[in-house]
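Please take a careful look at the structure shown below, and keep it in view while you read the paragraphs that follow.

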Amino acid sequence: MCGIFGCIVKDANAAPTIHASLKRLEYRGYDSVGVATVQDGKLYLKKDQGKIDEVHAVHNLDDLPGNIGIGHTRWATHGAPLQINAHPHVDCSGQIAVVHNGIIENFSELKQELEGRGHVFKSKTDTEVIPHLIEENLRNNLSMSLADAVLETVKRLDGSYAIAVISTKEPDRIVCARHESPLVVGVNEKAVYCASDIPAFLPVTNKAVIVEDGELVTLSLGGYEIKKISDSKVVAREPKLIDWTPEMAVKQGYQHFMLKEIHEQPGTLRNTLRLQEHYLDLMATFLDRAHEVFLVACGTSYHACLASSYMFSKLAFLVTYPVIASEFVEQHGKSVNIDSTLLAVSQSGETADILAAVNAARQRAATILGLTNAIGSTLTRVSRVYIGQQSGPEIGVAATKTFTSQLSVLAGLALRLAKKRGKVSQDEMDFLAEKLEKLPDTVETVIQTQEEKVKQIAKKYKDAKAFFFLGRGISTATAYEGRLKLMEIAYVPAIAFPAGESKHGPISLVEPGFPVVFICPKDETYKTLIGNVMEMKARGASIIAVIEEGDEEIKRLADDYIEVPAGTPEVLSPISFVVPLQLLAYYMAVEKGYNPDTPRNLAKSVTVK
Ligand code: F6R
């Protein structure tokens with residue numbers, strides 16, 4: 001997730017407006033920033049790594065000439081957060097500048113093709129192919145307009161994009177386009193704007209046009225023209241009046257960032273699934289060679305590790321050891337050696353306990369692999385191979401979208417390893433890969449169809465003194481995560497166990513009305529789990545079951561149930577089954593009057609041991 005912005009203003013320089021708007025988009029990414037403007041046939045460009053204020057202090061982002069320009073605030077996906085990788089990116093001639101939010105999946109092929117035609121690339125980004133493709137189109141057809149060159153360019157892109165383009169050749173217009181990344185246009189009497197999100201221009205205009213997927217827009221001081229990318233047909237669309245306050249606008253109308261981030265999951269999962277195959281393959285090769293694999297993390301990321309230990313075992317027949325990072329040195333430190341591999345999973349890449357475990361393992365010559373949401377974080381610097389999960393910044397303290405993305409990367413990794421080891425048939429591989437691709441839609445269905453029901457369940461149980469979360473097999477990890485979410489934001493004491501363990505002690509807590517949440521995918525554990533549901537029911541527990549759609553057997557037993565679309569294979573089930581639990585925790589917190597975005601005593605990134 002990055003923020004893009006562009007504007008053309010009457011009788012004033014664009015740069016101060018771009019700078020101010022990028023500040024309002026900083027929540028979308030903050031590892032580097034850049035601005036490009038055009039005046040008198042010349043392109044002006046300033047960009048660097050760092051937060052906007054830091055870069056402004058060094059480069060003065062307000063000081064670029066020209067009434068037209070574009071800007072970008074970055075959250076790295078391809079290429080580390082370095083000046084060279086910061087946007088805008090330019091073509092060989094330095095006349096076309098592009099800002100981009102999204103991921104171009106076929107950039108390697110395009111780059112190779114363009115290099116073959118003599119184009120010279122400066123960065124490691126996927127974005128840089130765009131200005132070169134535009135340049136190539138204009139070179140091949142001297143009478144082509146910038147808008148047509150952009151149109152022909154985006155037709156060649158696979159993946160997601162929202163782009164804004166300026167050129168010295170047409171210094172009075174910005175061309176922008178979108179596919180699966182957000183883009184809005186704003187207008188007033190004095191200017192025209194394009195941005196990733198409405199807050200970017202809300203203080204200067206509340207008239208916004210939402211650009212749809214597959215559309216290209218040309219902005220000029222005369223207004224805007226929208227065209228369909230597929231057939232160049234012009235689309236008529238009037239601006240809408242936005243009545244959000246600036247604070248509501250940053251949350252896109254959601255009451256809290258956490259709810260917004262829960263709702264973003266179909267999109268973030270789609271982005272995660274666009275990961276470059278070769279990084280997954282490389283990491284799978286390291287895992288394949290390892291004598292022992294430790295999966296090291298804290299909190300929610302640990303739950304992703306726990307779930308993935310079932311994935312690695314069931315798909316790739318690889319035994320892995322999920323370990324809570326703060327225990328790693330005590331528990332395994334002395335036995336780690338050159339044959340050990342440590343896969344550290346950390347959204348922030350900066351969690352002190354994880355870095356301590358990594359350092360201890362490095363000193364004993366172990367191989368370090370990393371999975372993180374923060375390219376450029378310490379974890380990426382100390383890892384032999386790392387994968388960026390591509391979920392975009394998460395503002396709510398409680399991890400939601402980053403958890404489901406971690407799970408989907410780890411599932412993809414387990415699948416690659418299984419293939420490498422010859423542990424799955426071609427048919428099984430295709431089946432699982434297809435189901436993984438479908439998960440964003442499944443998650444979307446869960447949110448669309450079950451949110452209201454979860455809200456009602458939260459109302460019903462809001463005064464409960466404690467909760468149980470139970471699951472078997474891989475759903476144990478889902479249960480642990482549901483419990484953590486509820487405890488950390490709704491402050492409800494909760495216990496999670498593999499369901500089979502409950503009768504070895506915890507069941508003694510249960511008395512009539514005690515809420516017990518069961519995670520019930522129809523997998524190999526299903527029949528035994530029903531026995532556990534009966535045990536709890538016999539003791540008067542209130543059963544809240546997360547079930548597959550149409551599971552009549554558990555519907556009859558449960559006091560309340562939440563349905564998840566059927567047909568997701570067991571190893572992928574945590575990704576869809578955890579979503580109702582995120583919503584449950586969220587609505588419990590809201591019912592109890594707490595702000596779920598900022599739970600007491602917690603920080604987003606825990607950088608002390
Ligand atoms: C829970 C939560 C924390 C983090 C944990 C690890 O919602 O956010 O438990 O998962 O502090 O953080 P990272 O993944 O940044 O290492």
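Where is the place of Ser232? Ser232 sits in the loop between β13 and β14, where helices (H or I, at least four residues) and strands (E, at least two) are DSSP runs numbered from the N terminus. The phi of Ser232 is near 60°, a positive value in a residue other than glycine. Most residues other than glycine have a negative phi, and most peptide bonds are trans.

This is a predicted model, in which local features need pLDDT of at least 70 and side-chain atom pairs count only at pLDDT 80 or more, while totals for chains, interfaces and linings use all residues. Residues are numbered from 1 along each chain as its sequence is written, and side-chain values use heavy atoms, with hydrogens and water left out.

The strands β13 and β14 belong to an open sheet of seven strands, in the order β5-β6-β7-β8-β12-β13-β14, with antiparallel pairing; two strands pair if DSSP finds at least two bridges between them. Its edge strands are β5 (89-90) and β14 (234-235), each of which pairs on one side only. Within this sheet, β12 (residues 215-220) and β13 (residues 223-228) pair in the antiparallel sense over six bridges, and Val217 stands opposite Ile226 in β13. Pro88 lies in the loop between β4 (68-74) and β5, and a cis peptide bond, with omega about 0°, joins His87 and Pro88.

Another antiparallel pair is made by β2 (residues 32-39) and β3 (residues 42-49), which are joined over eight bridges. In this pair, Thr37 has Tyr44 of β3 as its bridge partner. The two strands form a hairpin with two residues between them, and Asp40 in the turn has a positive phi of about 50°.

We now turn to the ligand. Of the 15 residues around the ligand, Ser301, Ser346, Ser348, Thr351 and Glu488 come nearest, where a residue counts as near if one of its heavy atoms lies within 4 Å of the molecule. An oxygen atom of the ligand is 2.5 Å from an N or O atom in the side chain of Ser301, and an oxygen atom of the ligand is 2.6 Å from an N or O atom in the side chain of Ser346. A polar backbone atom of Ala399 is 2.9 Å from an oxygen atom of the ligand. The protein covers 91% of the 410 Å² of accessible area that the ligand has on its own, an area computed by the Shrake-Rupley method with a 1.4 Å probe. The elements that give two or more residues to the shell around the ligand are α10 (299-316) and α16 (475-490).

Finally, there is the largest pocket, in which about 1,100 Å³ of space lies. On a 1 Å grid over the protein atoms alone, where a 1.4 Å probe is used, a pocket is an open set of points with protein on both sides within 12 Å along at least five of seven lines, and lining residues have an atom within 4 Å of a point. A volume is the space filled by probe spheres set on the points, which are joined across faces, edges and corners. Of the 46 residues that line the largest pocket, the closest to its centre are Ser181, Pro182, Gln252, Glu264 and Gly267. The largest share of the lining, five residues, comes from α8.

Terms used. Polar contact = N/O pair within 3.5 Å; in protein donor to acceptor, adjacent residues only side chain to side chain.
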